[in-house]
Amino acid sequence: MAPAHAPFDPVVAKAEAEGVHAAELAALRRRLRQLGEHGAGLLPGEVLAPVADLPCLDELPEPPPSRAREVLDRLVVVKLNGGLGTSMGLAGPKSLLEVKPGASFLDVIATQVLALRARHGARLPLMLMNSAATRGHSLEALRHYDSLPVPGVPLDFLQGREPKLRAADLQPVQWPTDPELEWCPPGHGDIYISLAASGVLDALLGAGLRYAFVSNSDNLGALADVRIAAWLAAEQVPFALEAVRGTPADRKGGHLARYQGRVVLRETAQVPDGDISFTDVERWRWYNTNNIWIDLRALKDLQAADPAAPALPLIVNHKTVDPRDPASTPVIQLEWAMGAAIGSIPGARAIHVPRSRFAPVKTTDDLLVVRSDAYELTADGQLRPAFDGPGPVVSLDKDFYKLLPDFERRFPAGAPSLRRCRRFDVEGDVTFGAGVTVAGDVRVTGPRHVPDGEALGEAR
């Protein structure tokens, strides 16, 4: 909670001096007001109730070809692409990281979109929400795909940014050695404001585009599904969130719950200390994929009445001003989660989708799974699970595997076979040879070298 003596005028003034758009200022002021409220950014489990069954993607009909082309002609695919992957020690766009031999995230995304266009005969534009740090390199990577741009539709737009606040007094932090580190994006919930502030929302509507399918660039399972697009149009759904059935792998993800008669999204940062119920995947059955669908016209109407719409709950993230230096000044970042719009947009819905649509890569644990034979990459860019059941859960020792260079040094011949693995825990300094297979539940302790061809776990 903000101290009563902490005025936020300097925060707004700093944003104004940066030339922040009026809609972005309105959103910043809302977040600052939320920060001053009791229990800011927290959502205790005891005030929530579980969500029952959801409509299921597998039960939606496949529209006829003419209808499929019609709805995809009015859809834009938006990828959240502002991340640098600093948690894995990267300095460039995370989306340029290789996920399969010779293919980065952006390569796979471009292949997916072009394949869907060819299949349905639709224009289906691709657009990135970039940060200033990812824009140049990402657009350069996409120039290899000559047919990707769609006339009248920009290939990207920039997410907003706002001042980081010193944790001690909630004033704008100063960091003269690198002033860019004084700023942060206000979470992926900023997409609604950034679409409007950049002029892209009007450009999309002017180009005859009605819907947006938004997902993270590190989730290669998130393909535009024509069944969902047709369902949105037929049911006039203004907003939809894709949810998966929870598994132990979702222990850090946001889950859906009922609060005061509506469905809401609770993220990790909104959980009070000591609330151990957050990891109960049996109680909280539905987990957010961060794949969302937006009716752009409905969003335009909401923002005509409130430039900072949709109203989203606050998330307070505690960090250091330099994310690579834990000894640097403690700060807080005020954020919104885009999926939280399910609790504030009238008529918003959630839909149950298969696990194949949710394969995010947030850590080197996830990267090892995606690079392994647990997932197969098809010629049309689909990342298909090759395992039965919930899939492997990997936990690598953070002291040796957290950063990408250290991770790759310990898997010089590539990932082991994980398609028959349930859980793979590595503790200590372990290097792996070529052709290693992991089956069932396996724990490896170092220091150790696992030789070429070693079979770990259950007999084959």
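Is phenylalanine 411 buried or exposed, going by its relative accessibility? With a relative accessibility of 5%, phenylalanine 411 counts as buried, because buried means under 20% relative accessible area. Keep in mind as you look around that this is a predicted model.

Tyrosine 401 and phenylalanine 411 form a tilted aromatic pair, with 5.9 Å from centre to centre and an angle of 50° between the planes. This pair links distant parts of the chain: tyrosine 401 belongs to helix 11 (residues 398-401), while phenylalanine 411 is in the loop between helix 12 (404-410) and strand 20 (417-427), 10 residues apart. Tyrosine 401 is buried too, with a relative accessible area of 1%.

Now turn to the second partner. Phenylalanine 411 and phenylalanine 432 form a stacked aromatic pair, 4.8 Å centre to centre, with 10° between the planes. Here again distant parts of the chain are linked: phenylalanine 411 in its loop between helix 12 and strand 20, and phenylalanine 432 in strand 21 (residues 430-432), 21 residues apart. Phenylalanine 432 counts as buried, at 1% relative accessibility.

Tyr401, Phe407, Phe411, Phe424 and Phe432 form one aromatic cluster. In the model, the count of aromatic pairs comes to six.

Aromatic rings also have charged neighbours here. Arginine 31 lies over the face of tryptophan 336, at 4.4 Å from the ring centre. Elsewhere, the charged end of arginine 266 sits over the ring of tryptophan 284, at 5.6 Å from the centre of that ring.

For the last stop, find helix 1, which spans residues 9-17. Which of its residues are buried? They are Val11, Val12, Lys14 and Ala15. Seen down the axis of helix 1, these buried residues fall within an arc of 160°, so they line one face of the helix. On the other side of helix 1, Asp9 and Ala17 are exposed.

What covers the buried residues of helix 1? The cover includes helix 2 (22-35), along with strand 6 (162-163), strand 7 (165-166) and strand 8 (183-184).

Methods:
Residues numbered from 1 in each chain as written. Predicted model: local features only at pLDDT ≥ 70, side-chain atom pairs only at ≥ 80, totals over all residues. Heavy atoms only, no water. Phe/Tyr/Trp six-rings, centres within 6.5 Å; stacked < 30°, edge-to-face > 60°. Helix = DSSP H or I, 4+ residues; strand = E, 2+ residues; numbered from the N terminus. Buried < 20%, exposed > 50% of the residue type's maximum accessible area, 1.4 Å probe, protein only. Lys NZ or Arg CZ within 6 Å of the ring centre and 35° of its normal. Arc of directions from axis to C-beta. Contact = heavy atoms within 4.5 Å.
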